Amino acid sequence: MSDSKTYSMLAMAGVTPFVACALLPLVGIASIEPFGALDRIAAIYGLAIVSFLTGIHWATQIYKPEDSPFNLLLASNAVFLFTWFAFVLGSLEIALGAQIVALLVLLAVDRRLYSIALLTRHYLGVRTVATSLAALSLLVIIIS
């Protein structure tokens, strides 16, 4: 991860829909047509983001398999399947809660990858800020 400006901008742009879905209902906007209710949009978007983040872990495993502390392919698949099953089988609140858990677990994995020098301090800092904003936004959506 050498292009810190690019991934910083992508991470902050990626968290923006979560923040918007959390804040817009507070000013009376509950849906965006033709897409639907903002809580549902956040749940669908969150599933895509968890998939994207697990894909980054796949890339790390494929790029540096000898340095990975555990099999990131299996671990990331387990995290994604957890969120997918929660989305498909659970209520909207359960799906959003599962996404919060998944985002925090994936951040913990990144902290582990940082501890063995597979990630930079800057990247981990950006991921921590983005994950915190996303998780807080999802929590606001759940309790709203």
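**View 1. Where helix 2 meets helix 3.** On the helix 2 side (38–63), the contact residues are R40, A43, I44, L47, V50, S51, T54, H57, W58, T60 and Q61, and their partners in helix 3 are L72, L73, S76, N77, V79, F80, T83, W84 and F87. Contact here means heavy atoms within 4.5 Å, and helices are DSSP runs of H or I with at least four residues, numbered from the N terminus. This is a predicted model, so to speak: local features need pLDDT of at least 70, side-chain atom pairs count only at pLDDT 80 or more, and totals for chains, interfaces and linings use all residues. Residues are numbered from 1 along each chain as its sequence is written, and side-chain values use heavy atoms, with hydrogens and water left out.

**View 2. How helix 2 and helix 3 are laid out.** The axes of helix 2 and helix 3 (residues 72–89) come within 8 Å and cross at roughly 170 degrees. That makes the pair roughly antiparallel, a label for angles over 145 degrees. Axes are lines fitted to C-alpha atoms, for helices over the stretch in contact, and angles run from 0 to 180 degrees between N-to-C directions.

**View 3. Helix 4 against helix 5.** Here the axes of helix 4 (residues 92–115) and helix 5 come within 10 Å, crossing at roughly 165 degrees, which makes this pair roughly antiparallel too. The crossing is left-handed, as the near helix is turned anticlockwise from the far one by less than a right angle. Helix 4 brings residues including L96, L103 and Y114, while helix 5 brings residues including R127, A134 and L138. The contact has 15 nonpolar, four polar and five charged residues.

**View 4. A look at L92.** L92 lies in helix 4. Leaving aside neighbours within four places in sequence, L92 is in contact with D39, R40 and A43.

**View 5. The largest pocket.** About 370 Å³ of space lies in this pocket. A pocket is an open set of points on a 1 Å grid over the protein atoms alone, where a 1.4 Å probe fits, with protein on both sides within 12 Å along at least five of seven lines; lining residues have an atom within 4 Å of a point. Of the 18 lining residues, L10, A11, F52, L53 and R127 are the closest to the centre. Helix 1 (4–23), helix 2 and helix 5 (121–143) each supply at least two lining residues. The lining divides into 15 nonpolar, two polar and one charged.

Definitions and conventions
Grid points are joined across faces, edges and corners, and a volume is the space filled by probe spheres set on the points. Ala, Val, Leu, Ile, Met, Phe, Trp, Tyr, Cys and Pro count as nonpolar, Asp, Glu, Lys and Arg as charged, and the others, Gly among them, as polar. Angles under 35 degrees count as roughly parallel, over 145 as roughly antiparallel, 65 to 115 as roughly perpendicular and the rest as oblique.
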